[in-house]
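Let's take a friendly walk through this chain, from its overall form down to a few single residues. Here are the sequence and the model to keep beside you as you read.

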Amino acid sequence: MKKEQKINSIDLAKNIFANNSVVILLNYKGLNAKGMSLLRKRIKSKNSNIRILKNTLVRKAIEGTDMSAINLDLKDQVAISYSNDPVSLSNVLMKFVDENKSVEIKIGFMDGKVLELSTIKSLSSLGSIEDVRAKFVGLLKAPGSQLARVLSAYETKLNENASAN
């Protein structure tokens with residue numbers, strides 16, 4: 001790899017860590033090309049991305065930052081997945097890891113904090129932002145629709161009483 005390519009890779013790694021709300025490292029050792037292609041498609045479908053960069057260049061990119069805590073996890077074949085939607089990315093990754101035992105989530109980084117596997121699992125169980133919005137709208141609509149049903153029943157009862165008289 002030429003020096004210019006190395007500098008570009010270091011800059012890319014810095015941009016990934018600086019411009020995304022969540023970064024999750026995966027060990028993909030043992031995953032074939034077809035599996036990696038499937039993982040990329042699933043991640044991209046959730047407006048997320050994944051990159052494979054040399055570990056030594058990633059170490060240089062995070063050197064002297066608060067992300068240097070993940071330095072120890074930059075071993076073997078590591079892919080860097082990243083997104084601005086932590087829930088959907090962790091959801092896709094957890095499903096993929098469950099289906100492919102050759103892939104493991106090593107560690108994550110979100111908003112200046114290291115994410116352990118248990119935290120990533122918790123994030124994945126939250127559901128996507130669309131799911132949360134739909135539930136919220138449902139909660140907002142529920143009292144209104146209940147009130148409408150009660151008023152409608154009351155109106156029906158009044159009409160029945162009026163016609164009986």
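Predicted model: local features only at pLDDT ≥ 70, side-chain atom pairs only at ≥ 80, totals over all residues.

Two strands are said to pair if DSSP finds at least two bridges between them.

## Strand β4 and its partners

Strand β1, residues 22-27, pairs with β4 in the antiparallel sense, and six bridges join the two. One place to look is Leu25, whose bridge partner in β4 is Ile107. Strand β4 itself covers residues 104-110, and six of its seven residues are buried, so the strand is mostly covered.

β4 also has strand β5 (residues 113-115) as an antiparallel partner, this time over three bridges. Here Phe109 stands opposite Val114 in β5. The hairpin of β4 and β5 has two residues between its strands, and Asp111 in this hairpin takes a positive phi near 50°.

Is Ser21 buried or exposed? Its relative accessible area is 18%, so Ser21 counts as buried, the cut-off being under 20%. Ser21 is found in the loop between α1 (3-19) and β1.

What does Ser21 touch once its neighbours within four places in sequence are left aside? Its contacts include Phe109, Met110 and Asp111, along with Ser83, Asn84, Asp85 and Pro86. Two of these names have come up already: Phe109 is the residue opposite Val114, and Asp111 is the one with positive phi in the hairpin.

## The chain as a whole

Stepping back, the secondary structure of the chain amounts to six helices and five strands. Read from the N terminus, the elements follow the order α-β-α-β-α-β-α-β-β-α-α. The chain is more spread out than a compact globule, because its radius of gyration is 24 Å, well over the 15 Å that the globule rule gives for 165 residues. Along its principal axes, the C-alpha trace spans about 95 × 35 × 25 Å.

Of the 165 residues, 38% count as buried. The chain exposes about 10400 Å², with carbon and sulfur atoms supplying 53% of that area. Among contacts between residues at least 6 apart in sequence, 77% join residues at least 24 apart. As for charge, there are 26 positive and 16 negative side chains, and the centres of the two sets lie 7 Å apart.

## Out along helix α6

Helix α6 takes in residues 129-164, and Lys157 is found in this helix. Lys157 counts as exposed because its relative accessibility is 52%. How far is Lys157 from Ser9 in sequence and in space? The two are 148 residues apart in sequence, and their C-alpha atoms are 73 Å apart in space.

## Positive phi in two loops

Two loop residues are worth a look if you are checking backbone torsions. Asn47 is not a glycine, yet its phi is positive, at about 55°. Asn47 is found in the loop between α2 (33-45) and β2 (49-52), and with 72% relative accessibility it counts as exposed.

Asp76 is likewise a residue other than glycine with a positive phi, near 60°. Its place is in the loop between α3 (55-62) and β3 (78-83). At 48% relative accessibility, Asp76 counts as partly exposed.

Methods
Residues numbered from 1 in each chain as written. Heavy atoms only, no water. Buried < 20%, exposed > 50% of the residue type's maximum accessible area, 1.4 Å probe, protein only. Helix = DSSP H or I, 4+ residues; strand = E, 2+ residues; numbered from the N terminus. Rg over C-alpha atoms; globule rule 2.2 N^0.38 Å. Contact = heavy atoms within 4.5 Å. Areas by Shrake-Rupley, 256 points an atom, 1.4 Å probe, with all protein chains shown as cover. Lys, Arg positive; Asp, Glu negative; His and termini not counted. Charge placed at Lys NZ, Arg CZ, Asp CG, Glu CD.
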